[in-house]
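Please read the points below beside the model. They go from single residues to the fold as a whole and back again.

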Amino acid sequence: MNITLVISLAVLVVLAGVVVLTAARRRETTGVLSRETRSRDQKADRTANSREFERESVASRSTALAVPQSVAVAPWTPPDPEAIGVSRRQFFNRATVTLMSAGLGGFGAAVLGFLWKGAEGGFGSKINAGKVDDIIAGIRSNNGFLYLPEARAWVTEYPKESLAKAEAIYASQAPVFAGMSSGIVALYQKCPHLGCRVPTCATSQWFECPCHGSQFNRVGEKKGGPAPRGMDRFAVSINNGSVVIDTGAVFGGPSIGTNTTGQEAEGPHCVGAGGH
Ligand code: FES
């Protein structure tokens, strides 16, 4: 008998032993019924057959589920909301609706107020600045420049002797020239360079922008600095002797080099002109 056969037989014996041991342990784990239990089960099998047992079970369930005919069903009445009170969900729902309504109402009121103001006057509409004589007097009493905050405009006098020269320059801006013919120029306060508010300079009698040094003469024609043109201006009309400035009609300032009035600086500058 060679060695391989011996080893194979040994392995088979070991495996068989393992199988036998495992089967024995499983039986121990499952447990074995005692003799008393087995004899009691055999008696029960003899005394009760399964069909009877099932009939009894069905009968007992039917009895348990039967609804007595004598019981009257009470009509449903809705619960009293006052008695129940407000649930947390109801509270949050109502709070959300209330807050949203208040927010929308406020926003609507603000929009209406804005539109109402625009319809009545303010920047973007036609503004009655007052009688022509009063405006001229106001300009002179304010050292040559009158500021109208509601129009965001500087109002200055346009010299009558320069009208002939201006007519050709401002021919394409009839509403602007109409104001000039009445002796008035209404200049937008916003610098045409980058939008700074342009103040006046009392000594030079020019407009001089503090942001980058653009300079304009008293009628808004560019004299120096980086601005690409003269100051923008509004349409002006005279209605029953009153000056009406249409801040919804903005006209671009005259091109660089325009100098219809020939006004040079009348004193020291307030800011240095930019190097552009
Ligand atoms: S914004 Fe006025 S010069 Fe630049």
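**Notes on the model**

1. R152 is buried, as 20 other C-beta atoms lie within 10 Å of its own; a residue counts as buried with 20 or more other C-beta atoms within 10 Å, as exposed with 12 or fewer, and as partly exposed in between, the C-beta atoms being placed from the backbone. R152 sits in the loop between β2 and β3, and its phi is near 50 degrees, a positive value in a residue other than glycine. Most residues other than glycine have a negative phi.

2. Residues are numbered from 1 along each chain as its sequence is written. The mean pLDDT of the chain (the predictor's confidence in each residue, from 0 to 100) is 85, and 84% of the residues reach 70 or more. Among the elements of the chain, helix α1 (residues 3-30) has the lowest mean pLDDT, 70, and β6 has the highest, 98. Where pLDDT is low, the predicted coordinates should not be read in detail.

3. The secondary structure of the chain comes to 8 helices and 10 strands, and 22% of the 276 residues count as buried. Contacts are taken between residues whose C-beta atoms, placed from the backbone, lie within 7 Å. Of the contacts between residues at least 6 apart in sequence, 60% join residues at least 24 apart.

4. The hairpin that holds R152 has 4 residues between β2 and β3. Strand β2 (residues 146-148) pairs with β3 in the antiparallel sense over 3 bridges, where pairing requires that DSSP find at least two bridges between the strands. L148 has A153 of β3 as its bridge partner. β3 also pairs with β4, again in the antiparallel sense, over 5 bridges, and E157 stands opposite I184 in β4. β3 is mostly covered, with 4 of its 5 residues buried.

5. Which residues touch the most other members of the largest nonpolar core? In this core of 36 residues they are A153, V155, I184, A186, V236 and I245, a nonpolar core being a set of buried Ala, Val, Leu, Ile, Met, Phe, Trp, Tyr and Cys residues joined through C-beta atoms within 7 Å. The elements that give two or more residues to this core are β1 (126-131), α6 (132-141), β3 (153-157), α8 (174-181), β4 (184-188), β6 (206-208), β9 (233-239) and β10 (242-251). β4 gives the most, with 5 residues. V155, leaving aside its neighbours within four places in sequence, is in contact with A129, I135, I139, L146, L148, I184 and A186. In soluble globular proteins, nonpolar side chains tend to be buried together.

6. The buried residues of α8 are V176, F177, G179 and M180. They lie on the same side of α8, because they cover an arc of only 155 degrees around the axis, the arc being that of the directions from the helix axis to the C-beta atoms. These buried residues pack against α7 (163-169), β4, β9 and β10. After α8 comes G183, with a positive phi near 90 degrees.

7. An open sheet is formed by 4 strands in the order β5-β6-β7-β8, with antiparallel pairing. Its edge strands, each pairing on one side only, are β5 (200-201) and β8 (222-224). β6 and strand β7 (residues 215-216) pair over 2 bridges, and E208 stands opposite Q215 in β7. In the loop between β5 and β6 lies Q205, whose phi is near 60 degrees, a positive value in a residue other than glycine. Q205 counts as partly exposed, because it has 18 C-beta neighbours inside 10 Å.

8. A last point concerns I169, which lies in helix α7 and is partly exposed, with 17 other C-beta atoms within 10 Å. Not counting residues up to four places away in sequence, I169 touches P254, T258 and T260. I169 and T258 are 89 residues apart along the chain, and their C-alpha atoms are separated by 8.0 Å.

Methods:
This is a predicted model: local features need pLDDT of at least 70, side-chain atom pairs count only at pLDDT 80 or more; totals for chains, interfaces and linings use all residues. Two residues are in contact if their C-beta atoms, placed from the backbone, lie within 7 Å.
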